[in-house]
Structure formats: C-alpha cells, structure tokens
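Good morning. Please look at the model on the screen while I go through a few of its parts.

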Protein chains: 2
Amino acid sequence: MDSTEATVRLLEAAEDLFYAHGVQAVGMDAVRERSGVSLKRLYQCFPAKNDLVEAYLLRRDERWRGSLRDFVHARGDDPLAVFAWLKDWFAEPGFRGCAFINSFGEFGEPAPGIAAAIRKHKDEVRAYLRGLVPAEGVADQLFALVEGATVLAAITGDSGEADTAREAAKVLLAAQTESVTQK
Amino acid sequence: MDSTEATVRLLEAAEDLFYAHGVQAVGMDAVRERSGVSLKRLYQCFPAKNDLVEAYLLRRDERWRGSLRDFVHARGDDPLAVFAWLKDWFAEPGFRGCAFINSFGEFGEPAPGIAAAIRKHKDEVRAYLRGLVPAEGVADQLFALVEGATVLAAITGDSGEADTAREAAKVLLAAQTESVTQK
DNA sequence: TAGACTAGAGAACGTTCATTCTCAGCGCCA
DNA sequence: TGGCGCTGAGAATGAACGTTCTCTAGTCTA
C-alpha cells in the first residue's frame, strides 16, 4: 500500500467514523483499525488529529456540494430541486445532520484550520445558491431554510422538514418573480 | 451555603462555561472553581456530569424561551418580533449559536436525558411559534428560518442573518394572509 | 549474502479528566 | 466536654486517548 492509497483509506475511515459518532468520540486507534493503516503511517500522512479532521471536512465539503450540484443540475438547475435533494439526504440511514454544524458545536474554540474549513463550506454553499437564484436576498433566504431544515431533521429525525422548507422556498421564489415582474 | 444555593450557583457556572466553551471542553474542576462549590457538594447535587449537563439544558430552555416570549409579547405577539429578538441575541457579546444544536453536535450518542432535553427544547419552540402563527405550516416554516439564521449567525458571526430571515418571514406571513383572504 | 533502510504491530508515555477517597477542622447534641 | 457527622480542600484513582518509541521482520541493494 503506497502513501496515496493510505491517505484515501484514512480519509474514508475518518469520514465514516467522524460523521457517525462525532470527532471527539473517535480515537485515532479507531481510525487505524477501520482503515487498516498502521498508526505510524497515519501520523506520516497526518501529523496530528487536527490535520485529519481538517482534511475530512474539506473532502466532505467537496463531495457534499458535488452531489448536490449534480442532482440539481440534472433537474435544470431548478432551485426547488435543492429541497428534493435534501429530503433524500435526510432519509439516508446514517443521516446525522450537517457535519460542519456538528463540528462547530463540538469545538468551542476550534483549531484555525478547522474553523476555516467550516466557514469555507458555508461560504461555498451560499455562493452556489446565489448562482442558482438571481436575487441575492432570496438566495440567502433559501440558504437559511436549508440550514434550518437540516438541523431540525437531524434533531427530530423527520425528513419531512425538507418539505416544509420546500413550500417556503416556493413562496419566496414566487414573490421574487412577482416583484421583478412589477418593475 | 445550603444545598439549594449551591445548586443555583452550580447551574449558573455551568451555563456560563458550557455555553461559552462547549460541554466537553469544560471539566468539573472548572465548574467547581467558578461556582465556589466544593467537588463533594457538586457530586451531591449532581451525581454525574451528565446530570449537570441535562439540568443546564433544561434551565437554559426555560430562560431562553421566557426571554423570547416576554419580548414578543411586549410587541403584541407579532411573529416578526421573533426576528428582532434574534437579532439582539445574535449581537450579544458571548453569542455562540444555539446551545441545543451545539450539544447535539458534541454528543454523537447523547445520554438519554440529554437527547430528551434537546428534543424538548425544539418541540417547545415549535409549539410556541404555532401558537403565534395561525397557520401551522407557516409556523413550521418560520421555525426553519429561526434555526437556520441562528446557525449561520453563529458560524459567520454576522447578526444580519436575522434580517434575512425576517424578510423571508414577512413574505411567508403575507402569503398566508392572502391565501386566507382569498378563501 | 551482508547490511541498511522501512514498515507494521503494539507497547509505552504523558496528559486530561470524571469520579472517589483522605484527612483535618468545625458545629451540634448528650 | 467529648465524640459524631458533616464539610471543604485537595490528593488519589482509573480510564481514555493523542502521540511517540521499540522491536521484529522483511526487502532491496551492492
């Protein structure tokens, strides 16, 4: 096993474990066991746990947004498709809310790299929604709905939160169209 | 110092510390130091840290909702006042997001009492909003906005998220009125 | 084939922290 | 006054865990 394969296996193990149980609850030994990579190699690839956490977040950000983007793009970049994607996500077996919000909660004073990764994710999602919705204000409103629905679905375990948010988004998008038409 | 005063001082210290730094980052010794209550007494009042955490959450829930309720009631129970209150909250010096969402993130598998306290808080807030807004669907939409704005304000540090959510709420409430009027 | 480097397995170290124990002091009741 | 029980201070315990170290064995090169 070369170093790049070890890195990938570590990141996959870390994502599974960190997302499922929380970062603090998972020891480096658990990552070693699940990845099949020795501790020595682990610390060669990631000199400290914080580095692994940061890499986990950056990787998850890419994959999460990629999945959303592909799904929505296949539906003609309809902003409402975002909420259909959310509903699928909420209903997945291991769904435990937003990894970035959870990490934010876990670390009172996060290491700088971790804090940056969390903010980066939210910034990127916001930028993506702004690209999807002409009016910037409305994009930000949808963003708040997305975050709220995610948090509530995680806590209540009810994927129907996506439908509630979708209904709200529909009204907000229609109101935007009207105000544009009136001008 | 009798036992009830010790309990109050412990809860106040716990709230300050747990909210500011996260539950896991605060040791029982820090609670002892801040409260001025001896470790022995601490463990008499709360046999384990989880009990203290649970009591902290239940107490914070009461106080948080009380503050919101009073503020909104003083403004004629206008649902939009909720977002004015949020904005004030977001701008407070020590604001670090929703204690319940943060705790949810901290504990991958929370102790039963803690999980129950988190769910209770969200259930109570939802019920409160439903009392404030006639249409149940719209109340739930506002709830998602509240949660989303809180999470984003915590991560970005921008209390303006409250305004974004308020604008969205205004549109949603107006749309509700229209649909009622049309009937 | 000898020697140098490397990897893996797992022991070891040092720290943190929840929880419990010890001990000395002090009020309270006979 | 003399013991009894409770208290606070803080040491002790035991576990978890991030990180490093040791040792053994294999592999590649000259």
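Helix packing, copies and DNA

I start with one pair: helix H5 (residues 81-91) of chain A packs against helix H8 (residues 136-156) of chain A at an angle of about 15 degrees, and their axes are 11 Å apart. That angle makes H5(A) roughly parallel to H8(A). On terms: helices (H or I, at least four residues) and strands (E, at least two) are DSSP runs, numbered from the N terminus. Axes are lines fitted to C-alpha atoms, for helices over the stretch in contact, and angles run from 0 to 180 degrees between N-to-C directions. Angles under 35 degrees count as roughly parallel, over 145 as roughly antiparallel, 65 to 115 as roughly perpendicular, and the rest as oblique.

This is a predicted model: local features need pLDDT of at least 70, side-chain atom pairs count only at pLDDT 80 or more, and totals for chains, interfaces and linings use all residues. Residues are numbered from 1 along each chain as its sequence is written, while chains are lettered from A and ligands numbered from 1 in the order in which they are written.

Back to the pair. H5(A) passes H8(A) in a right-handed crossing; a crossing is left-handed if the near helix is turned anticlockwise from the far one by less than a right angle, and right-handed if clockwise. Which residues of H5(A) and H8(A) meet? From H5(A) they are A:Val82, A:Leu86 and A:Phe90, and from H8(A) they are A:Val146, A:Ala149, A:Thr150 and A:Ala153. Contact here is between residues whose C-beta atoms, placed from the backbone, lie within 7 Å. By class, this contact has six nonpolar residues, one polar and no charged. Ala, Val, Leu, Ile, Met, Phe, Trp, Tyr, Cys and Pro count as nonpolar, Asp, Glu, Lys and Arg as charged, and the others, Gly among them, as polar.

The second pair is helix H1 (residues 3-21) of chain A and H2(A), whose axes come within 9 Å and cross at roughly 120 degrees. H1(A) and H2(A) are therefore oblique to each other, and their crossing is right-handed. H1(A) brings A:Arg9, A:Leu10, A:Ala13, A:Ala14, A:Asp16 and A:Leu17 to the contact, and H2(A) brings A:Ala30, A:Val31, A:Arg34 and A:Ser35. These residues divide into six nonpolar, one polar and three charged.

As a whole, chain A has nine helices and zero strands. Its C-alpha atoms fill a box of roughly 65 × 35 × 30 Å along the principal axes.

Now the two copies. Chain B can be laid on chain A with an RMSD of 0.0 Å by a turn of 180 degrees and a shift of 0.0 Å along the axis. The two copies are thus related as by a two-fold rotation axis. The superposition is by least squares on the C-alpha atoms of residues with pLDDT of at least 70 in both. The contact takes 39 residues from chain B and 39 residues from chain A. H8(B) gives the largest share of chain B's side, 14 residues. Since 100% of the interface residues of chain B are also interface residues in chain A, the copies meet through the same surface.

Last, the DNA. Around DNA strand D there are 13 residues, of which A:Gly27, A:Met28, A:Ala48, A:Lys49 and B:Ser38 come nearest. A residue is near a molecule or strand if its C-beta atom, placed from the backbone, lies within 6 Å of it. Around DNA strand C there are 13 residues, and A:Ser38, B:Gly27, B:Met28, B:Ala48 and B:Lys49 come nearest.

Terms used
Two residues are in contact if their C-beta atoms, placed from the backbone, lie within 7 Å.
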